[in-house]
Amino acid sequence: MKTKQRPAPLGGFNFDYIMWLFTRLSALAMYLIVIVALTGALLMSARQNMSIADLMRWAFMPNPNHVASTNIPDIEVWKTIFWQVMAILMLFFAGAHGLHGLLNVVEDYISSRRIRMSLRALVLVIWVAISLIGITVIVTS
Amino acid sequence: MGLKRNVGLMEALRYQGKGPMLTYILHRIGGLSIVIFVGLHILAGYLANHAWGANLGIFINSIYENWLFQVFIFFFALFHAINGLRIVILDLWPKLIEYQREAIWLEWFVFLPIYGIALFVIVRSGLGG
């Protein structure tokens, strides 16, 4: 397998460095959101009414759809603006982190400049589309 | 200066990177799995709310409710989260990189019991117990 040579990335405060830092900080932010969602669920009577699997599903994405199939009697407190903001933050951090990861894979394995540029654009389009679809799901559920 | 990356597949497979290389590969496979899973799941959540796409949305979600899929995705999601935390800690406090191998052992000690319990619960409920 023969691949073309490419210039090494530049050092300093540039897009790649910012995204490198963002990947790490967004990971911490996602841990924080999971802890907030977990604590919130336990305060909202998850202990008596939810299985561990449902609790984890809520912790990963605090969306009321994830509580619909449990024994929670009053779902209204799970649908507040606070949880919608948390869900949108999770969507933003997870989406940007994940699709930037996808971009890293593209940069590593695609040596053709033209295909790499098209895939970069495709990743950006997927990110914008999935964020808009996700926000629609969050605000309508 | 050019970045040379002309390593063939067989040569790459012979590379004995051991522990750190294994976490790197699992992290990458896991990341891709999560991107595909979460992306399709968001799409399915959207489709399930609309009459024209409800069947497709429910079909995609039924894959995720299958216990075999859960055994697979939970392995990678949990590994990606724990390994990611190790990477964050070692990258933000670079002095700790000296203890990378110990950190990887610690990571497996955290991962295995959590995954073991989850595996037990998933398989037991998957087999109808």
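A:F13, A:Y17, A:I18 and A:W20 form a nonpolar surface patch of about 430 Å² in this predicted model. Such patches comprise residues with over 30% relative accessible area and no salt bridge, nonpolar side chains (Val, Leu, Ile, Met, Phe, Trp, Tyr) being joined within 5 Å and like charges within 9 Å. A salt bridge here is a side-chain nitrogen of Lys or Arg within 4 Å of a carboxyl oxygen of Asp or Glu. Areas follow the Shrake-Rupley method with a 1.4 Å probe, and for residues only the protein chains shown count as cover.

This is a predicted model in which local features need pLDDT of at least 70 and side-chain atom pairs pLDDT 80 or more, whereas totals for chains, interfaces and linings use all residues. Residues are numbered from 1 along each chain as its sequence is written, chains are lettered from A and ligands numbered from 1 in the order in which they are written, and side-chain values use heavy atoms, without hydrogens and water.

Two residues are set out below; buried means under 20% relative accessible area, exposed over 50%, and partly exposed in between.

| Residue | Relative accessibility | Class |
|---|---|---|
| A:F13 | 69% | exposed |
| B:N61 | 17% | buried |

A:F13 lies in the loop between β1 (6-7) and α1 (15-43) of chain A. B:N61 belongs to helix α3 (residues 54-65) of chain B; helices (H or I, at least four residues) and strands (E, at least two) are DSSP runs, numbered from the N terminus. Beyond neighbours within four places in sequence, B:N61 contacts (heavy atoms within 4.5 Å) B:H41 and B:A44.

Terms used: Buried < 20%, exposed > 50% of the residue type's maximum accessible area, 1.4 Å probe, protein only.
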